[in-house]
Every structure is written in structure tokens, then in C-alpha cells.
Amino acid sequence: MNLSKKQAEKLIKGCIKNDRTAQEALYRYFYADMLRVCYSYLPDRELAKEAFNMGFLKVFQSIQNFNTGKGELGGWI
């Protein structure tokens, strides 16, 4: 299931404004996929969760750099 371009833009704008609702929506939407990637690289569950949290912190800190015209938000994350 992919976000539409319009949905992605709305979440991105909200996250740029530090809107907690938008941040939570983005987090919940990509939670399972991103955590699965972390588990595939780090078999230790605690290290994988730590990498997951650090990854989302980086996403929120640099989301203003994402360009919807260059690709999909899930791929960028």
C-alpha cells in the first residue's frame, strides 16, 4: 500500500511544521516496513529497535529535503 502523492505532501508539510499528528501518522504508516528492514540488518532486536528510532529521528530532521517529484516517500525513508 502506497501513499498517494497528495497524502505524502500533506504529511511532509505537517512534519516540516513539527505537527505531532502528522509525525505520528508518518511513523505509524511506515513503522512495520522500516522495522522489518532494521531486523533484516541487525538480528539483535534491541539494536534493531535502536537503529529504527535513530532512523526516524533522521527522517524527521531532514524531511524538508524530500522532493516528491523525484521519487516515493517510502523509498526515501
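Guide: A residue counts as buried when its relative accessible area is under 20%, as exposed when it is over 50%, and as partly exposed in between. The model discussed here is predicted.

Visitor: Is S62 buried, partly exposed or exposed?

Guide: S62 lies in helix α3. Its relative accessibility is 23%. Because that value falls between the cut-offs of 20% and 50%, S62 counts as partly exposed.

Visitor: On which residue is the kink in helix α2 centred?

Guide: Helix α2 covers residues 20–41.

Visitor: Against which helices do the buried residues of α2 pack?

Guide: The buried residues of α2 are A22, Q23, L26, F30, M34, L35 and C38. They pack against three helices, namely α1 (5–16), α3 (45–62) and α4 (73–76).

Visitor: Which backbone nitrogen does a side-chain oxygen of D19 reach at the start of α2?

Guide: The contact is found at the start of α2. There, a side-chain oxygen of D19 comes to within 3.0 Å of the backbone nitrogen of T21.

Visitor: At what angle do α1 and α2 pack, and what is that arrangement called?

Guide: Two packed helices are described by the angle between their axes and the distance between the axes. For α1 and α2, the axes are 7 Å apart and the angle is about 130 degrees. That angle is why α1 is described, relative to α2, as oblique.

Visitor: Which residues of α2 meet L11, G14 and C15 in α1?

Guide: The crossing of α1 and α2 is left-handed. On the α1 side, the residues in contact are L11, G14 and C15. On the α2 side, they meet A22, Q23, A25 and L26.

Visitor: With which residues is Q23 in contact, leaving aside its neighbours within four places in sequence?

Guide: Q23 lies in helix α2. At 8% relative accessibility, Q23 is under the 20% cut-off and therefore counts as buried. With neighbours within four places in sequence left aside, the contacts of Q23 are C15, N18 and F60.

Visitor: What is the phi of N18?

Guide: N18 is placed in the loop between α1 and α2, and it counts as partly exposed at 49% relative accessibility. Most residues other than glycine have a negative phi. N18 is a residue other than glycine with a positive phi, which is near 60 degrees.

Visitor: Is the crossing of α2 and α3 left-handed or right-handed?

Guide: The axes of α2 and α3 come within 10 Å and cross at roughly 140 degrees. That makes α2 oblique to α3. The handedness of this crossing is right-handed.

Visitor: Which residues of α3 meet α2?

Guide: From α2, the residues taking part are Q23, L26, Y27, F30, Y31, M34, L35, C38 and Y39. In α3, the residues that meet them are R45, A48, K49, A51, F52, N53, G55, F56, V59 and F60.

Visitor: Leaving aside its neighbours within four places in sequence, with which residues is F52 in contact?

Guide: F52 has its place in helix α3. Its relative accessibility of 2% is why F52 counts as buried. Apart from neighbours within four places in sequence, F52 is in contact with Y27, Y31, M34, L35 and C38.

Visitor: How far apart in space are F52 and T68, C-alpha to C-alpha?

Guide: In sequence, F52 and T68 are 16 residues apart. From C-alpha to C-alpha, the distance in space is 23 Å.

Visitor: Is Y41 buried or exposed?

Guide: Y41 is found in helix α2. Its C-alpha atom is 9.8 Å in space from that of A51, which is 10 residues away in sequence. Because the relative accessible area of Y41 is 66%, over the 50% cut-off, Y41 is exposed.

Visitor: Which backbone nitrogen does the side chain of N67 reach?

Guide: N67 lies in the loop between α3 and α4. With a relative accessible area of 39%, N67 is partly exposed. At 2.8 Å, the side chain of N67 reaches the backbone nitrogen of G69.

Conventions
Residues are numbered from 1 along each chain as its sequence is written. This is a predicted model: local features need pLDDT of at least 70, side-chain atom pairs count only at pLDDT 80 or more; totals for chains, interfaces and linings use all residues. Side-chain values use heavy atoms; hydrogens and water are left out. The bend at a residue is the angle between axes fitted to the seven residues ending there and the seven starting there. Helices (H or I, at least four residues) and strands (E, at least two) are DSSP runs, numbered from the N terminus. Buried means under 20% relative accessible area, exposed over 50%, partly exposed in between (1.4 Å probe, protein chains only). Contact means heavy atoms within 4.5 Å. A polar contact is a pair of N or O atoms within 3.5 Å; within protein, one must be able to donate a hydrogen and the other to accept it, and residues adjacent in sequence count only if both atoms are side-chain atoms. Axes are lines fitted to C-alpha atoms, for helices over the stretch in contact, and angles run from 0 to 180 degrees between N-to-C directions. Angles under 35 degrees count as roughly parallel, over 145 as roughly antiparallel, 65 to 115 as roughly perpendicular and the rest as oblique. A crossing is left-handed if the near helix is turned anticlockwise from the far one by less than a right angle, and right-handed if clockwise.
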